[in-house]
Amino acid sequence: MFADSSAPGADVEPLWRSARSARCQARSCQTGSISTVETAAQSYTSRDASVQTEQSKDALYDFQQRVQVDYAGLLAFLQRVEDTVIKELKKNWESRAFDGFEVSWTDQNETVLCLHTLSYPEAQDQNLQVTSVSWNATGSVVACSYGRFDGGDWSTEKSYICTWNLDRRGLNPKHPDLVVDVPSSVMCLAFHPSQPSLIAGGLFSGELVVWDTSRTEDPVILRTGMTDDTHTDPVYQVNWLPDAKHRNQSRLLSVSTDGKILVWREERDGRLVLAEGFALVAQQIPRSSWLKRVACGEAAVGVTSLSFSHFDPRLFVVGVEGGYSLQCCTAAVTPALHRTGSSVPLRAPAELAFSPHGGPVYSVSCSPFHRNLFLSCGTDGQVHLHSMLQTQPLVSLQLSKKYLFCVRWSPVRPLVFAAASGEGEVHLFDLQRSSQKPAVSMKQTAGEHPVYCLEFNMKQTHLLAAGDATGAIKVWQLSSDFTEQRPREVAHLQQLASESTD
């Protein structure tokens with residue numbers, strides 16, 4: 001009844017794919033553009049308010065009740081210790097332990113360092129030397145003059161004055177902030193004591209020139225020109241002096257190896273005219289001196305350097321080519337035996353001659369802390385410490401086998417001075433440490449090129465600038481040992497002077 005059989009297969013095509021694809025549609029969605037508005041809000045009124053709590057009367061009363069002052073006991077205590085307290089206060093008042101002490105708010109410098117080495121390559125290419133350096137009234141700008149102390153055609157050779165602002169960012173030591181071309185060798189220069197942009201210079205030709213460094217086009221504002229009053233020899237030092245008649249003006253003083261010390265005043269047309277003058281003649285130097293006899297009559301005494309007393313504006317000391325130092329006075333009335341014509345009468349200022357060096361004196365410096373002391377140095381390599389009360393030096397120091405070209409007292413340490421040597425060194429002396437050898441000697445130049453000039457910074461007293469024969473200026477940062485006055489240092493200096501003059 002039943003039997004096996006096979007039937008052919010049947011194919012059934014699915015319909016869900018086609019049905020699903022028929023229902024799929026592509027759509028996209030995009031929001032509408034967003035609108036933005038910028039607004040600012042500023043309040044138009046303001047009001048300050050403060051809140052202070054009021055002390056409760058009850059709280060104040062409770063506090064006073066808790067604090068009980070035994071006035072009778074306090075009075076008895078004060079009476080008991082009164083004598084002891086007064087004794088200790090008197091002892092502190094009379095103590096000299098903190099004499100000369102000043103609080104230093106600057107970092108302590110332990111060693112002497114060279115901060116900057118400045119130069120003008122064009123001047124160095126001409127083998128010009130740094131003849132003088134000077135700091136301006138703010139202490140931030142240093143200037144140097146270029147010229148020659150050795151052989152060469154000094155009279156016609158072009159030279160320069162250069163300035164650098166050490167506080168300026170991006171200081172380029174080989175690119176001065178200002179370069180002034182000068183047709184004659186500049187032998188000395190000095191910034192004005194209160195006007196930072198004015199600088200005066202003395203030329204090899206004998207002229208004096210004043211430049212205003214704030215004027216870049218034509219910085220020359222005053223000059224003497226070549227007249228009968230002009231120096232006939234190079235000017236080796238120039239100083240600014242206060243004008244007693246016109247407080248807002250200054251006068252210029254110049255010294256030269258022609259034997260004349262001249263004081264110049266300003267004219268409105270840009271000229272410097274002679275106001276008064278002095279002349280050093282051998283026959284009018286005091287005879288109680290160590291002077292060498294002069295063969296011919298009325299011989300001029302060549303002046304190389306000058307320093308005014310810090311205590312008496314009429315008193316000054318000069319160094320001369322004959323090897324000695326002279327004490328002079330601007331109040332002198334004796335006419336000078338000087339044959340050269342002059343528009344004003346020249347006077348003889350010398351009052352006292354001191355024991356000489358073994359050669360010309362190149363530099364003198366009056367102490368800013370003692371009215372009678374001054375330093376001198378010269379070609380014998382010695383520094384003499386002199387008192388104006390005697391002709392013999394108090395101390396003679398052999399610092400160099402060659403010349404000493406410059407010496408300067410420290411403006412802050414009474415027993416410290418610096419000297420520039422012909423062996424290329426800057427010596428720092430501290431008489432409190434030793435009266436025979438330098439405390440520090442800094443090598444300024446490679447080899448033995450002379451150091452011709454140096455100046456302490458009166459404002460930034462940790463800085464010392466020195467110029468040399470290679471045409472470079474080095475700015476030295478002094479250690480705290482040379483910038484902070486020690487206890488009883490002034491008394492030590494007075495004792496040094498008094499012991500030697502007794």
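A polar contact is a pair of N or O atoms within 3.5 Å. The model on screen is predicted.

Start by selecting His357, in the loop between β18 (350-353) and β19 (361-366). Its side chain makes a polar contact with the side chain of Ser376 at 2.8 Å. His357 is buried because its relative accessible area is 8%, and buried means under 20%.

Next, turn to the aromatic rings. The whole structure holds 11 aromatic pairs. Select Phe308 and Phe316, a tilted pair with centres 5.3 Å apart and 45° between the planes. Both Phe308 and Phe316 are buried. Then select Phe149, Tyr362, Tyr403, Phe405 and Tyr452, which ring pairs link into a cluster.

Now go to the salt bridges, which number 16. Select Glu276 and Arg347, whose closest N and O atoms are 3.1 Å apart. This pair links distant parts of the chain, with Glu276 in strand β13 (residues 272-279) and Arg347 in strand β17 (residues 346-347), 71 residues apart. Glu276 is partly exposed at 25% relative accessible area, whereas Arg347 is buried at 19%.

Move on to Asp312 and Arg314, which meet in a salt bridge at 3.3 Å, N to O. Asp312 counts as buried at 17% relative accessibility; Arg314, at 47%, is partly exposed.

Select Asp177 and Arg168 for another salt bridge, at 3.2 Å between the closest N and O atoms. Asp177 is partly exposed at 34%, and Arg168 is partly exposed at 47%.

Finish with Arg413, Asp430, Arg433, Asp481, Arg486 and Glu489, linked in a network of salt bridges.

Conventions: Residues numbered from 1 in each chain as written. Predicted model: local features only at pLDDT ≥ 70, side-chain atom pairs only at ≥ 80, totals over all residues. Heavy atoms only, no water. Phe/Tyr/Trp six-rings, centres within 6.5 Å; stacked < 30°, edge-to-face > 60°. Buried < 20%, exposed > 50% of the residue type's maximum accessible area, 1.4 Å probe, protein only. Helix = DSSP H or I, 4+ residues; strand = E, 2+ residues; numbered from the N terminus. Polar contact = N/O pair within 3.5 Å; in protein donor to acceptor, adjacent residues only side chain to side chain. Salt bridge = Lys/Arg side-chain N within 4 Å of Asp/Glu carboxyl O.
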